[in-house]
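Hello,

Here is the structure I promised to pass on. Please have a look at it, and my notes follow below.

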Amino acid sequence: NGVMLEDRGTLLFLFHRNYREAFICKSTDEGLTWSQPEDITYAYMALRDRYHWTVAAAGPGHGLRMKNGRLLVPVWLCKNPANITSHHPSVVTTLYSNDGGLSWCCGEIIPASEELVDPNESAVAEVEGGVLINMRHETPVRFRKTAFSSDGISGWTDFRFDRSLPDPVCFGSIAGAGGKTWFVNCASQTDRVNVTVRESRDGCA
């Protein structure tokens with residue numbers, strides 16, 4: 001899955017190869033032409049002393065540019081030495097750049113737990129005071145799970161099931177602008193049906 005984001009007129013396209021390598025291309029002409037892919041796998045490799053992943057990927061969906069200029073992309077990782085192509089068990093984190101995409105790092109890992117089983121494909125949106133992450137997961141409670149960070153990369157708190165957002169274990173997307181936030185997913189607890197857009201005017205509360 002490719003992930004796109006925009007930074008002051010420059011489009012960035014992040015993609016992965018074989019769940020092992022990560023690359024980024026840039027366009028300054030609205031996608032008409034693109035730079036040669038740049039290998040940024042080093043950002044993931046720096047995590048391996050904390051979490052020796054065997055599968056790594058971003059998105060799906062999109063990243064964002066925070067008001068302070070930080071570029072942010074949601075990422076999921078799996079560690080399964082017995083089956084290095086498996087997508088379980090999994091955790092999530094964010095990939096970020098503070099210099100317009102010249103260099104990249106990964107933030108704090110949000111670990112799995114009994115209350116957050118195999119978090120994976122996630123989406124991020126900037127809200128008042130920080131960043132909200134909205135996670136797909138495989139916990140029996142079939143609602144999206146969210147958490148908050150003041151900087152989008154560390155100190156995740158306020159974990160909760162958002163009971164206004166039912167989910168059948170499928171990707172969902174979130175975006176915000178002008179004090180509003182929109183979320184779209186398959187609004188069902190059992191099947192990939194009922195594609196629904198919801199709007200929040202209070203920072204996803």
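How many bridges join strand 15 to strand 16? There are five, and the two strands run antiparallel. Strands here are DSSP runs of E with at least two residues, while helices are runs of H or I with at least four, all numbered from the N terminus. Two strands count as paired if DSSP finds at least two bridges between them.

Before going on, a word on the source: this is a predicted model, where local features need pLDDT of at least 70 and side-chain atom pairs count only at pLDDT 80 or more, while totals for chains, interfaces and linings use all residues. Residues are numbered from 1 along each chain as its sequence is written, and side-chain values use heavy atoms, with hydrogens and water left out.

Back to the strands. Strand 15 and strand 16 make a hairpin with two residues between them, and Gly178 in the turn has a positive phi of about 60 degrees. Ala177 stands opposite Lys180 of strand 16, and Ser173 has Val184 in strand 16 as its bridge partner.

Now the pockets. A pocket is an open set of points on a 1 Å grid over the protein atoms alone, where a 1.4 Å probe fits, with protein on both sides within 12 Å along at least five of seven lines; lining residues have an atom within 4 Å of a point. Grid points are joined across faces, edges and corners, and a volume is the space filled by probe spheres set on the points.

- The largest pocket holds about 330 Å³ of space. Its lining has 19 residues, with Glu126, Val127, Gly176, Ala177 and Gly179 nearest the centre. Strand 7 (64–65), strand 11 (122–127), strand 15 (173–177) and strand 16 (180–186) each give two or more residues to this lining.
- By class, that lining has eight nonpolar, six polar and five charged residues (Ala, Val, Leu, Ile, Met, Phe, Trp, Tyr, Cys and Pro are nonpolar, Asp, Glu, Lys and Arg charged, and the others, Gly among them, polar).
- The second largest pocket holds about 190 Å³ and is lined by 16 residues, among them Asp162 and Cys204. Its lining divides into seven nonpolar, five polar and four charged residues.

Finally, the cysteines. The structure holds zero disulfides, a disulfide being a pair of cysteine sulfur atoms within 2.5 Å. Cys186 is in no disulfide either, and the nearest cysteine sulfur, that of Cys170, is 4.3 Å away. Cys186 counts as buried because its relative accessibility is 10% (buried is under 20%, exposed over 50% and partly exposed in between, with a 1.4 Å probe and protein chains only).

Best wishes
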